Amino acid sequence: MQHIDVKAILERTVSMTYGDLVTRPTGKAVRGGIEAALQETDGEQVAVIDFGTVRLLDYSCADEVVGKLLLEHGRARYFLLQGVTASHCEAIEPVLERHGLAAVARDREGRVRVLGHVPAGAREALSFLTVGSEEWHDPHLPEETAHEVLEFLRRQRGTAAAEPVPPPAAE
Amino acid sequence: MTRVVDVPSHFDDRSFEQFANACGNFTGDRLLFDAHATQWASPFGLVSLLAAGQWAAEHGPERPLLTAPSDRDVAHYWARAGFFTHAADWFELHGKVPRVAATHSSDVLLEITPVRGSDDVHTVVESIQERSAAILAELGLEATAAMGFAMALSEACQNIVEHAGTSGWVAVQTYHWRRRLGRRVVVIGVADAGVGFRRSLEATQADRFGDRWSDASALEAALFHGASRFRDPGRGQGLGGIARYVNRWSGKLAVRSGTARIAIVPQWDDDQPLTDGLATFPGSQVLMIVPAQEAK
């Protein structure tokens with residue numbers, strides 16, 4: 001995994017005095033810093049974009065840092081948004097929805113959730129995958145829904161399948 | 001010729017139309033903004049008065065005149081809020097202008113602050129977050145709400161930077177609305193004397209609306225459809241984000257631009273959601289009111 005500390009990039013690329021990710025120019029500069037860091041490693045590693053020490057993230061900055069980053073690189077790289085707070089999610093979620101994107105985020109307590117544009121069945125399946133084993137339960141997805149979920153995950157690079165998932169066989 | 005524009009005795013968003021009507025079309029005469037009888041002004045009133053002064057100075061025959069409130073306490077409050085510091089750039093000041101610096105008082109969460117570029121937005125957000133503990137205590141909000149407040153404020157200020165084509169001002173203050181609401185509120189006023197929503201959005205949106213294109217439809221497009229002057233699909237989320245925030249916390253959002261005004265009206269208020277055909281006023285003026293949460 002490649003760990004990218006967003007606050008450190010903010011300090012390096014914009015200002016040592018700013019503690020918040022606000023405004024588009026700031027977001028654009030930070031995204032540039034993240035993209036430079038991404039070039040240092042191969043595309044197979046998961047890039048962990050760490051918001052753990054970021055206080056505030058507004059919509060404009062979320063669009064520049066997360067939205068445009070995933071639009072540009074989301075097909076070629078795996079990303080995890082790390083250390084996000086509830087207020088970060090409030091900015092990130094509508095940005096992802098607007099672009100038709102989804103991302104996996106882990107909060108500061110280690111809880112994992114999927115943000116953005118995710119069909120209900122896929123959200124349920126992803127929740128099933130991310131809870132601890134002692135909490136596992138059978139999501140009881142109908143076969144057709146399961147197929148839709150797998151196809152969605154394939155499109156989102158959530159699975160390693162390179163080919164479209166075949167539809168369920170007619171009985 | 002000098003034409004007198006009376007500043008309302010209680011100058012806030014509700015008396016703003018009286019002020020806009022008095023301003024007329026701003027052109028021709030030198031304007032004298034007469035605030036000598038003004039007893040009270042909200043952040044919205046003060047930043048709007050600065051916007052009027054800027055417009056008159058830039059488009060009128062001469063720098064406009066402004067008579068300061070004759071009430072000593074009112075004039076001192078305006079000075080502490082930073083009004084005269086900024087007003088001196090645009091008005092020829094008359095009357096007794098107190099020589100006191102802008103200072104922080106407990107009910108002023110943000111003194112009148114100019115917004116000229118992204119750096120100013122950072123300053124506003126830093127400043128408001130330093131006082132976020134006060135906001136939380138005042139309004140009984142949870143920490144997420146205080147963050148959301150700073151986000152909404154950031155987007156409102158960026159609206160000036162991105163769309164006005166000129167600078168603007170922001171101010172934030174708390175009040176106890178005993179009669180109107182029976183609760184404390186935070187009131188945010190943001191104003192500029194820029195191009196306004198209709199002109200800002202014209203190039204990308206006017207064709208979609210055809211004959212319906214107006215100040216009102218421009219405000220509708222920006223607030224409810226996330227329209228932006230940029231063709232980038234990620235743009236235009238700021239006002240929508242502010243709207244979500246005020247909806248969630250039973251707040252109010254009103255945006256006035258040109259001859260129209262659009263509002264998200266909470267249950268505790270009786271404002272009109274959309275008003276058209278108002279007196280022309282330059283730029284854009286944004287009002288946000290976030291009330292204290294009722295005890296559960």
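This is a predicted model: local features need pLDDT of at least 70, side-chain atom pairs count only at pLDDT 80 or more; totals for chains, interfaces and linings use all residues.
**View 1. Where chain B meets chain A.** Here 23 residues of chain A are in contact with 19 residues of chain B. On the chain B side, three helices each bring at least two residues: H5 (118-130), H7 (143-164) and H10 (238-248). H7(B) gives the most, with 8 residues. As for the make-up of this side of chain B, 11 residues are polar, 6 are nonpolar and 2 are charged.

**View 2. Inside the largest nonpolar core.** This core counts 144 residues, and those touching the most other members are Ala103(A), Phe33(B), Leu46(B), Val47(B), Leu153(B), Cys157(B) and Met288(B). H7(B) turns up again, giving the most to the core with 12 residues. Now zoom in on Ala103(A): setting aside neighbours within four places in sequence, this residue is in contact with Val66(A), Leu70(A), Phe79(A), Leu81(A), Leu96(A), Leu115(A) and Gly116(A).

**View 3. The open sheet of chain B and its edges.** Follow the 7 strands across and you get S7-S8-S9-S13-S10-S11-S12, with antiparallel pairing. S7 (108-115) and S12 (274-275) of chain B each have a single partner strand, so one side of each has no neighbour in the sheet. Look for Ile262(B) here: its bridge partner in S12(B) is Leu274(B).

Technical notes. Residues are numbered from 1 along each chain as its sequence is written. Chains are lettered from A and ligands numbered from 1 in the order in which they are written. Two residues are in contact if their C-beta atoms, placed from the backbone, lie within 7 Å. Helices (H or I, at least four residues) and strands (E, at least two) are DSSP runs, numbered from the N terminus. Ala, Val, Leu, Ile, Met, Phe, Trp, Tyr, Cys and Pro count as nonpolar, Asp, Glu, Lys and Arg as charged, and the others, Gly among them, as polar. A nonpolar core is a set of buried Ala, Val, Leu, Ile, Met, Phe, Trp, Tyr and Cys residues joined through C-beta atoms within 7 Å. A residue is buried if 20 or more other C-beta atoms lie within 10 Å of its own, exposed if 12 or fewer, and partly exposed in between; C-beta atoms are placed from the backbone. Two strands pair if DSSP finds at least two bridges between them.
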